[in-house]
Amino acid sequence: MWKAQDNHLRTKMQTTKKERFIGLIDEHKKIIYKIVNSYCANPADRKDLEQEIIIQLWDAFDKYNPEFKYSTWMYRIALNTAISYYRKEKKWHTKTDSFDNATIFHLRTEETEHREQMNKKVEMLQHFIQSLNELNKALMLLYLEEKSHSEIAEILGISKTNVATKIGRIKLKLKNEFLKNLNYETE
Amino acid sequence: MKPNELNEILSAYDAKLDRILSLNSASIQKINLQKTKKKTQTVLIFRSIEVVTFSALLLFLGSYIANHWFSTHLAVSGGILFVFTLIALIGSIGQVTLLNQIDYSKPVVEIRKKIERVNAHVLLFVKLLFLSGPVWWAYSLVAIDVFLDTDLYVHLDPDFVQRYLIINGVLIFPLLWFLNKLSFKNLHLKWVRTIISWVTGTKTQQALTSLKQIEEFEN
């Protein structure tokens, strides 16, 4: 009797935890979506990485430190997972028994339509981000999310001055890239 | 590119994502989150086996040295093996510590460094292997004594032993210089890259390249 009640309570707590977790993912879904798209060019890899990030977030959910914002915590986990995945360190990957082919993030419009609607400059920007090395990519993503220098420093684990210097360099590179591409189009 | 143009592009993209992006929560429900099995555990098990093996070997060598204390050549040979095993044990304990510290909610650079150090672990064994070159006789003397109960040293020509010790003694210093060069800090040198890739394989070289990138990123 007691055991049954205990199990029922445990299941209920787990359900509530999962619901809270899903709510949190929903609230910050753009973070994961953007990271996945920046680190994986291949749609199949994207699905795997989405799953991988969700699993890592779930594993760390109980250990969340309220000293940090949820977004900072999520960025750290998602970026660390994405870089590990990007580096093809299969041994760091978690393993699940089964998972269907559905993606975790869903675009309400068709992918092709979305691509057509997408501003050319956004595509150019995404292409540029994908060309950066894994750590600069993380830095740029955070910068583009309008994170403050101190938050970027906190997520990445480098100094604020270093963040500012690196952003300056990447922006200059980005500016040249844009100019080159735009000139090429108008020629 | 105007100063605000980048921000405009991004807010447009952000707004678009707000409209079209939704979470497929049914998919998350289907993932068996409770049953995920971290593969880091497998790496941890391997490293822990290393720690146990090296510890057992150290105990054995310790007792070997004690038992052969009065046969100087055997005690010295055992001592040399003891030192190499101790270095390997320290390396493996370091790995177990690193693996236990890997927590994805910590800063990205810190975690990347730890992961790449774990991935570059093979280099330590390669260095130890190279370093043991001039003292390989220690392995032979101890192994033949332990497994065949024969003291090889008494059958060796003293002149040969002397020449051998001098040549290998002289070799130790260039070898130490060479091994010190085999580090991610020297990957800009082509010969270092080639040797590392040749002796450790692609995976270790990738890890070392990443360590170099991390160092550059930090500075």
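Reply: Start with helix 5 and helix 10 of chain B. From helix 5 of chain B, B:Val109, B:Arg112, B:Lys113, B:Glu116, B:Arg117 and B:Asn119 meet B:Lys203, B:Thr204, B:Ala207, B:Ser210, B:Leu211, B:Ile214, B:Phe217 and B:Glu218 of helix 10 of chain B. Contact means heavy atoms within 4.5 Å. By class, this contact of helix 5 with helix 10 of chain B has five nonpolar, three polar and six charged residues. Ala, Val, Leu, Ile, Met, Phe, Trp, Tyr, Cys and Pro count as nonpolar, Asp, Glu, Lys and Arg as charged, and the others, Gly among them, as polar.

This is a predicted model: local features need pLDDT of at least 70, side-chain atom pairs count only at pLDDT 80 or more, and totals for chains, interfaces and linings use all residues. Residues are numbered from 1 along each chain as its sequence is written, chains are lettered from A and ligands numbered from 1 in the order written, and side-chain values use heavy atoms, with hydrogens and water left out.

Now the geometry. Helix 5 (residues 108-119) and helix 10 of chain B pack at about 155 degrees, their axes 8 Å apart. That makes the two roughly antiparallel (over 145 degrees).

Helix 10 of chain B (residues 202-218) also meets chain A. Its axis and that of helix 7 (residues 134-144) of chain A come within 9 Å and cross at roughly 40 degrees. A:Glu134, A:Leu135, A:Asn136 and A:Leu139 touch B:Ser210, B:Ile214 and B:Phe217.

Key: Axes fitted to C-alpha atoms, helices over the stretch in contact; angles between N-to-C directions. Helix = DSSP H or I, 4+ residues; strand = E, 2+ residues; numbered from the N terminus. Parallel < 35°, antiparallel > 145°, perpendicular 65-115°, else oblique.
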